Amino acid sequence: MRETFILHPSPIRRVFSAAMMLFLGALLVYVALATGTMPVFWRLVLSVFGLASLYAAMRSWNATATHLVLTQDALEDAEGRVLCRVDEIEKVERGAFALKPSNGFVVVLKSRAPRAWAPGLWWRFGRRVGVGGVTPAGETKAMADILASRLLSQTPIA
């Protein structure tokens with residue numbers, strides 16, 4: 001398994017994204033607990049959304065502690081979980097109107113894959129794998145270019 005490209009999350013983006021979700025969650029919980037005149041239903045709603053935001057901050061922080069590795073055969077995370085295999089890729093989308101993560105790209109697969117998500121780093125839903133979020137734009141674009149060039153080199157010329 002030869003590593004072709006490693007994509008590390010940006011430390012500043014990682015801290016900023018987790019801190020914003022943490023702040024939102026703390027603010028919602030505070031408002032739910034500090035407002036005495038609010039009906040119980042709305043306190044409960046704010047508390048649930050606040051706790052969900054705190055959980056999302058924790059998940060995002062843990063998920064972005066790793067990096068993505070592009071090998072000759074697959075796109076994986078540092079723990080070895082395969083996001084997609086290179087031979088399963090149909091196309092790479094990174095245009096302005098593509099439904100993709102911030103500063104990222106989307107890989108369209110030939111067949112459906114199980115859903116998975118590492119908040120802030122990548123997601124997989126149906127035939128699409130999104131990479132990006134807290135990753136640097138230049139490095140993410142380079143990874144998309146490498147994948148796209150591999151697809152072009154595998155395409156037979158008629």
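This briefing walks through the fold of one protein and then visits a few of its residues. The model is predicted, so local features need pLDDT of at least 70 and side-chain atom pairs count only at pLDDT 80 or more, while totals for chains, interfaces and linings use all residues. Residues are numbered from 1 along each chain as its sequence is written, and side-chain values use heavy atoms, with hydrogens and water left out.

**The overall picture**

- The protein has three helices and seven strands; helices (H or I, at least four residues) and strands (E, at least two) are DSSP runs, numbered from the N terminus.
- Starting at the N terminus, the elements follow the order β-α-α-β-β-β-β-β-β-α.
- Along the principal axes, the C-alpha atoms of the protein fill a box of roughly 70 × 30 × 30 Å.
- The protein has a radius of gyration of 19 Å, whereas a compact globule of 158 residues would have one near 15 Å. This radius is taken over C-alpha atoms, and the globule rule is 2.2 Å times the number of residues to the power 0.38.

**Inside, outside and charge**

- Of the 158 residues in the protein, 37% are buried. Buried means under 20% relative accessible area, exposed means over 50%, and partly exposed lies in between (1.4 Å probe, protein chains only).
- Take the contacts (heavy atoms within 4.5 Å) between residues at least 6 apart in sequence: 58% of them join residues at least 24 apart.

- Helix α1 covers residues 11–34, which is 24 residues. From its first C-alpha to its last it reaches 34 Å, close to the 34 Å expected at 1.5 Å a residue; the expected span is 1.5 Å times one less than the number of residues.
- The buried residues of α1 include Arg 14, Ala 18 and Gly 25, and the buried residues of this helix pack against α2 (40–63).
- Ser 53 sits in helix α2 and is buried, with a relative accessible area of 9%. Apart from neighbours within four places in sequence, Ser 53 is in contact with Met 21, Leu 24 and Gly 25.
- Phe 16 belongs to helix α1, and it counts as exposed because its relative accessibility is 55%. Phe 16 and Val 134 lie 118 residues apart in sequence, yet 9.1 Å apart in space, C-alpha to C-alpha.

**A strand residue and a loop residue**

- Ala 74 is part of strand β3 (residues 74–77) and counts as buried, at 0% relative accessibility.
- Not counting residues up to four places away in sequence, Ala 74 touches Val 69, Val 82, Cys 84, Arg 85 and Val 86. Its C-alpha atom is separated by 11 Å from that of Phe 5, 69 residues away along the chain.
- Asn 103 lies in the loop between β5 (89–93) and β6 (105–118) and is partly exposed, with a relative accessible area of 26%.
- Most residues other than glycine have a negative phi. Asn 103 is not a glycine, but it has a positive phi of about 55 degrees.
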